[in-house]
Amino acid sequence: MQHRTSRSRTRHRRAQWKTSAPALAPCTNPACGKPTPPHRMCAHCGFYRGREALSPLDGDR
């Protein structure tokens, strides 16, 4: 027979849940070098894996 988990025990366990900061890697463009999520195009310069994939996004987005 299982007993009900108390509120304090549940909250004590849930207090250990932590979010981690997003992993960021420097842009492969030597002129840019801004932090970018891995496996994503750089939103600042449009480079991906050392070559320009798309033109950079405008500032209004």
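Q: Where in the chain is Ser55 found?
A: Ser55 sits in the segment after β4 (51-52). The model is a predicted one.

Q: Why is Ser55 called exposed?
A: Its relative accessible area is 54%. Exposed means over 50%. Ser55 therefore counts as exposed.

Q: How far apart are Ser55 and Trp17?
A: They are 38 residues apart in sequence. In space, the distance is 39 Å, C-alpha to C-alpha.

Q: What makes the chain more spread out than a compact globule?
A: Start with the elements: the chain has one helix and four strands. From the N terminus, they run α-β-β-β-β. The C-alpha atoms fill a box of roughly 60 × 25 × 20 Å along the principal axes.

Q: What share of contacts joins residues 24 or more positions apart?
A: Such pairs account for 0% of the contacts with a separation of 6 or more.

Q: What share of the residues is buried?
A: Buried residues make up 11% of the 61 in the chain. The accessible surface comes to about 5,900 Å². Carbon and sulfur atoms hold 51% of that surface.

Q: Why is Asn29 called buried?
A: Asn29 has a relative accessible area of 12%. Buried means under 20%. Asn29 is therefore buried. This residue lies in the loop between β1 (25-26) and β2 (35-36).

Q: Which residues does Asn29 touch, leaving out those up to four places away in sequence?
A: Asn29 touches Cys45 and Phe47. A contact here requires heavy atoms within 4.5 Å.

Q: Why is Glu52 called partly exposed?
A: The relative accessible area of Glu52 is 48%. Buried needs under 20% and exposed needs over 50%. The value for Glu52 falls in between, so the label is partly exposed. Glu52 belongs to strand β4.

Q: What does Glu52 touch, not counting residues up to four places away in sequence?
A: Glu52 touches Cys45, Gly46 and Phe47. As for Met41, Glu52 is 11 residues away from it in sequence and 8.9 Å away in space, C-alpha to C-alpha.

Q: What makes the phi of His39 worth a look?
A: Most residues other than glycine have a negative phi. His39 is not a glycine, yet has a positive phi of about 65°. His39 is found in the loop between β2 and β3 (47-48). With a relative accessible area of 67%, against a cut-off of over 50%, His39 is exposed.

Q: What phi does Arg49 have, and where is its place?
A: Arg49 has a positive phi of about 55° although it is not a glycine. Its place is in the loop between β3 and β4. Arg49 is exposed, with a relative accessible area of 67%.

Q: How do you know where empty space is left?
A: Rolling a probe the size of a water molecule over the atoms shows it. In this model, the largest pocket has a volume of about 160 Å³. It is lined by 13 residues, and the closest to its centre are Thr28, Pro37, His39, Arg40 and Tyr48. β1 and β3 each supply at least two residues of the lining.

Q: Which classes of residue make up the lining of the largest pocket?
A: The lining has eight nonpolar, three polar and two charged residues.

How values were computed: Residues are numbered from 1 along each chain as its sequence is written. This is a predicted model: local features need pLDDT of at least 70, side-chain atom pairs count only at pLDDT 80 or more; totals for chains, interfaces and linings use all residues. Side-chain values use heavy atoms; hydrogens and water are left out. Buried means under 20% relative accessible area, exposed over 50%, partly exposed in between (1.4 Å probe, protein chains only). On a 1 Å grid over the protein atoms alone, a cavity is a set of points where a 1.4 Å probe fits but cannot get out, and a pocket is an open set with protein on both sides within 12 Å along at least five of seven lines; lining residues have an atom within 4 Å of a point. Grid points are joined across faces, edges and corners, and a volume is the space filled by probe spheres set on the points. Ala, Val, Leu, Ile, Met, Phe, Trp, Tyr, Cys and Pro count as nonpolar, Asp, Glu, Lys and Arg as charged, and the others, Gly among them, as polar. Accessible areas come from the Shrake-Rupley method with a 1.4 Å probe; for residues, only the protein chains shown count as cover.
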